[in-house]
Amino acid sequence: MVTVGLVGIGEMGAPMARNLLKGGYPVQVFDIDQKQMDILSQAGARKSVSAKDLASQSDVVMTVLTYPKVVEEAVLGEGGVIAGLKKGAILIECSSIDHETSIRLAQKVEGGGGRYVEAALRGRPYTIESKELGFLTAGKRETVQECEPIFTTIGNKATYVGDLGAAKLLKIAGAMLNATETAVTYEVLAWCMSNGITKDGFLEIISSRGPRRVNQLKEILDGRLETSPSWVAKDLYHGVELAGAKEIPTPILSTVNAVSNMAKLQNKEGYRFSEMLWRYYEGTLKKP
Amino acid sequence: MINIGIIGVGHMGTPMAKNLLAAGYPVSVYDIDEKQMDNLAQAGAKKSASAKDLASQSDVVLTVLTWPNVVEEAVLGEGGVLAGLKKGAMLIECSSIDHETSIRIGGKVEATGCRYVEAALMGRPFEIEAHNLLFLSAGKKELVQECEPIFLAIGKKNLYAGELGTAKLLKIANAMFNATETIITYEALTWCLGNKISQEGFLELLRERRPDRAANLERLMKGTGLDTHPSWTAKDVYHGLKYGEDKDIPTPLLATVNSLINLAKAQNREGYSFGGMMWKFYERARKKG
């Protein structure tokens with residue numbers, strides 16, 4: 001059986017390692033957090049002293065990290081994955097990074113004689129525990145197919161979405177759907193309020209569109225506004241930019257992006273995307 | 001059992017009348033289209049000579065018509081509903097009319113000692129046939145409650161929206177949502193294909209968020225989702241935009257949606273319903289990807 005090495009065993013990586021162990025795979029782990037490694041070693045994983053060390057003993061390496069910078073350091077840095085990766089071994093990159101970083105990493109990995117698969121995780125830690133995680137995968141199809149048993153040992157489904165970059169780009173598509181749904185929700189809400197429709201009536205219409213949106217809307221209508229950072233606006237802009245470069249007509253997204261920019265001008269409080277848009281549309285309501 | 005009269009037995013009125021007949025109600029019908037009346041007469045309905053004639057024999061009258069001026073003529077005109085409606089009888093207005101017309105008609109009906117309930121039909125003809133129609137209703141709550149058995153004989157559910165005018169407005173709000181969500185789905189798919197992301201990848205993304213929309217999209221991808229059933233989404237969006245303009249409500253997104261609908265309409269020679277029309281509209285851009 002192939003040996004799988006996991007670099008990054010935090011909220012996502014740890015349950016992934018456990019599912020692999022349960023599936024009978026020999027598992028190597030590396031994390032800067034020694035405690036996490038100790039916990040997993042009790043479950044049967046082998047600790048490594050560095051990403052390089054881990055790579056040198058693995059047939060497949062999975063990076064499950066946070067930001068592009070962290071991933072680049074763990075893969076390309078001194079003592080990183082590439083420094084130890086065996087010829088023909090596969091790196092499956094599972095972190096939240098953009099498609100450009102992913103493509104750059106792939107080139108370096110392949111330049112060093114390794115192989116590269118891009119993956120995006122669709123789920124949360126508890127979804128991994130219940131073995132319901134979905135993978136979106138991209139890259140060379142035959143390499144992705146070779147990894148299939150690993151994906152279905154960790155989760156329940158892997159969907160091949162296209163060439164390198166495609167799995168990470170889908171995140172942008174998700175953000176664009178989010179942004180548009182959010183914008184139209186508040187635009188129609190402001191329309192309803194200006195026309196004397198009660199919030200309850202409006203909630204009836206929203207309720208057929210999923211509980212997630214109802215809850216979000218209730219919080220905002222109750223005045224509970226969050227200021228946590230969000231990447232929706234950035235992803236939206238990035239998406240429109242890519243569409244421009246490829247001449248893909250996106251009239252709706254371009255409008256949403258313009259509305260988002262107008263709302264940003266007024267967002268002195270630093271609200272996250274949905275709050276920011278609501279404050280923007282709320283400002284258009286005529287006070288009685 | 002009370003007598004029900006239906007004025008307007010077209011795409012929507014006909015299956016509504018059939019459901020009422022199936023539930024055992026005595027039903028009178030009136031339409032300027034004699035053939036439609038004949039069809040329903042064979043199913044057990046009674047034909048009337050005019051809206052007035054129909055109203056004089058009904059306890060509850062439903063108007064299921066098209067445009068505000070048509071409804072006003074049928075209700076307020078000579079030989080119209082009000083000329084025949086019995087004291088205490090009820091008019092349930094179900095047409096695609098604006099809230100202001102509805103409120104005006106409601107006032108006139110009540111002034112003559114009759115009662116008025118506003119309804120909006122949230123569904124299409126085949127959904128009425130399948131008994132899946134959703135009613136939004138507005139007006140005095142106790143009157144709406146009295147109509148509940150009729151709503152449930154025709155459809156599956158009735159939601160009380162609030163005071164007079166709100167059912168018509170909410171239907172438009174719902175159409176504005178539907179239109180925007182439909183278009184953004186096709187646009188985001190186009191974006192994905194242009195960026196070399198597979199159909200299946202996008203479907204997976206959509207499934208997690210809105211399984212209903214993902215299922216619709218899958219049918220369209222397979223070429224089985226196009227239909228020419230009548231739909232009123234485009235008309236409702238236009239009305240919504242117009243009410244916004246009248247009140248200086250800024251709706252940048254809906255204005256764009258409405259423009260796209262108009263562009264798509266110009267190409268819709270096949271007469272596809274809203275979803276199919278917008279699907280075709282993005283087709284060229286999709287195929288380029």
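Q: Which residues in H4(B) meet H6(B), and which ones do they meet there?
A: This is a predicted model, and in it B:Pro68, B:Val71, B:Glu72, B:Val75 and B:Leu76 of H4(B) meet B:Thr101, B:Ile105 and B:Lys108 of H6(B).

Q: How many of those are nonpolar, polar or charged?
A: The contact of H4(B) with H6(B) has 5 nonpolar residues, 1 polar and 2 charged.

Q: And at what angle do the axes of H4 and H6 of chain B cross?
A: Roughly 5°, and the axes come within 11 Å. H4 covers residues 68-76 and H6 covers residues 99-111. Angles under 35 degrees count as roughly parallel, so H4(B) is roughly parallel to H6(B).

Q: Where does A:Lys131 sit?
A: In the loop of chain A between helix H7 (125-129) and strand S7 (134-139).

Q: How many other C-beta atoms does A:Lys131 have within 10 Å?
A: There are 15. Buried takes 20 or more and exposed takes 12 or fewer, so A:Lys131 comes out as partly exposed.

Q: What about B:Asp248, what is its phi?
A: Positive, about 60°, and B:Asp248 is not a glycine either. B:Asp248 lies in the loop between helix H12 (233-246) and helix H13 (252-267) of chain B.

Q: Is B:Asp248 buried or exposed?
A: Exposed, because B:Asp248 has 9 C-beta neighbours inside 10 Å, and 12 or fewer is the cut-off.

Q: Now the interface. How many residues of chain A are in contact with chain B?
A: 47 residues of chain A, in contact with 47 residues of chain B.

Q: Which elements of chain A give two or more residues to that side?
A: S7, strand S8 (157-162), helix H9 (166-194), helix H10 (199-207), helix H12 (232-246) and helix H13 (251-266).

Q: Which one gives the most?
A: H9(A), with 17 residues.

Q: What's the makeup by class on the chain A side?
A: The side of chain A that touches chain B has 27 nonpolar, 14 polar and 6 charged residues.

Q: Last topic, chain A overall. How many helices and strands?
A: Chain A has 14 helices and 8 strands. Its C-alpha atoms fill a box of roughly 70 × 40 × 30 Å along the principal axes.

Q: And what share of chain A counts as buried?
A: 50% of its 288 residues. As for contacts in chain A between residues at least 6 apart in sequence, 62% join residues at least 24 apart.

Definitions and conventions. Residues numbered from 1 in each chain as written. Chains lettered and ligands numbered in written order. Predicted model: local features only at pLDDT ≥ 70, side-chain atom pairs only at ≥ 80, totals over all residues. Axes fitted to C-alpha atoms, helices over the stretch in contact; angles between N-to-C directions. Helix = DSSP H or I, 4+ residues; strand = E, 2+ residues; numbered from the N terminus. Parallel < 35°, antiparallel > 145°, perpendicular 65-115°, else oblique. Contact = placed C-beta atoms within 7 Å. Nonpolar A, V, L, I, M, F, W, Y, C, P; charged D, E, K, R; others polar.
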